[in-house]
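Me: Please show me how to read the features of this model one by one, with the general idea and then the case at hand.

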Amino acid sequence: MSSTEPLLELRQLSVQHAVRSGGSTRLEAVRELSLSVFPGEIIAVVGESGCGKSSLARAMVGLVPASSGEIRIQGVPVQNLAGKARKNWHRQTQMLFQDPHSALSPRRTIADTLAEPLEIQEKVTAEQQKQQILAALSEVNLSSDILLRYPHQLSGGQKQRIALARALLCKPSLIIADEPLSALDVSEQARLLNLFSKLRSDKHIAFVLIAHDLAAVQQVADRVAVMYLGQLLELAPAARFFQGAAHPYSQALLKATQRNWQPGYWADPKEADEPVLKGEPPSALTPPSGCVFHTRCAQRLELCSEVVPGQHSLVQAASAAGAHQVLCHLYSTDKLPLHPSQQEKP
């Protein structure tokens, strides 16, 4: 498959959850979201808690059903997959969960945990199984003496790397990592991010990294997707995004991150105590009309409260992976604001 063809493609995907018995009230966690993931890339999906990132991740691997829209794997709709083809989808698309401890059985040794995918996916001899497990451990920088231990005897970072090793034993082409860094200390976060980069380079594995830490995202991501209230507000190559995000919400996320990155970033000490983004996100049960972000946007226009914005491309790219797209009325006129990369340097 050409690297210009998507490995995973979401087309107008929506995910709903019943919030009352009988399903009389439904929450739309993901709203008509379109996104492509290409072989060997790391795409980061960022946004505040409750924006729909985890629901999106679970829909990608089939853990929750889509209420509408389509998911395609290598160009084939997943609803058309059956038998061996469907089994291959589940093998090729693996998931890392936020809490590695709950993802591992406390009653099974690490050896038994790692043997499980080999027993399910393919028939191998005991010796072949042993060699594959040792190879997977080596890929995540763990030694064989860990095999006889139980999850409670391991650190959080070790457990997350065991979960990654288990995923690698399925020979995946795509790994969905749902907030895999949040329970780890800084050194373990760095170790895991380095592994993602190495696996992308050595094995051409694609990663969808669900995260809220933009500092971590900047280290590894090829592209950044920004979600808010179930919608994709901005999608851009990482270098372009961090040089100057286009959507007001993305700009607020970056500004908040820079506050933590750069001591003395704020010229006025009083400004440092002010929240970068004021107000709470609206309820997904009763989303605002028009632009979903307009209730918190300092740059909102009169039409933002009534008219749903369309998607605008800020740069013409040779492939979808290089496109910069934003869902915002600010870019709907002929006089588009210049992106920082287009502005003249002093």
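**Reading pockets, cavities and charged pairs**

Reply: The residues that line the largest pocket divide into 12 nonpolar, six polar and three charged, where Ala, Val, Leu, Ile, Met, Phe, Trp, Tyr, Cys and Pro count as nonpolar, Asp, Glu, Lys and Arg as charged, and the others, Gly among them, as polar. This is a predicted model, in which local features need pLDDT of at least 70 and side-chain atom pairs pLDDT 80 or more, while totals for chains, interfaces and linings use all residues. Residues are numbered from 1 along each chain as its sequence is written, and side-chain values use heavy atoms, with hydrogens and water left out.

Me: What volume does the largest pocket have, and which residues are the closest to its centre?

Reply: On a 1 Å grid over the protein atoms alone, a pocket is an open set of points with protein on both sides within 12 Å along at least five of seven lines, a cavity is a set where a 1.4 Å probe fits but cannot get out, and lining residues have an atom within 4 Å of a point. Here the largest pocket has a volume of about 450 Å³, a volume being the space filled by probe spheres set on the points, which are joined across faces, edges and corners. Of the 21 residues in its lining, His-90, Thr-93, Gln-94, Met-95 and Phe-97 are the closest to the centre. At least two lining residues come from each of β6 (93-96), α3 (110-121) and α5 (156-168), helices (H or I, at least four residues) and strands (E, at least two) being DSSP runs numbered from the N terminus.

Me: How many cavities of 30 Å³ or more does a search of the whole structure find?

Reply: The search finds two. In the largest cavity there is about 70 Å³ of space, and of the 13 residues that line this cavity, Cys-291, Cys-297, Arg-300, Cys-304 and Cys-328 are the closest to its centre. Its lining is made up of eight nonpolar, four polar and one charged residues. The second largest cavity has a volume of about 30 Å³, and among the residues that line it are Leu-232, Glu-234, Gln-311 and Val-326. Two or more of its lining residues come from each of β10 (231-237) and β12 (324-327), and β10 gives the largest share, four residues.

Me: How many salt bridges does the structure hold?

Reply: As a general idea, side chains of opposite charge can pair when their charged atoms come close. The structure holds 13 salt bridges, each a side-chain nitrogen of Lys or Arg within 4 Å of a carboxyl oxygen of Asp or Glu. In one of them, Glu-188 meets Arg-161 at 3.6 Å, N to O; because Glu-188 lies in helix α6 (186-203) and Arg-161 in helix α5, this pair ties together parts that are 27 residues apart in sequence.

Me: Is Glu-9 buried or exposed?

Reply: Buried means under 20% relative accessible area, exposed over 50%, and partly exposed in between (1.4 Å probe, protein chains only). Glu-9 counts as buried because its relative accessibility is 19%, whereas Arg-11, at 36%, counts as partly exposed. Arg-72 is buried at 19%, and Glu-70 is buried at 18%.
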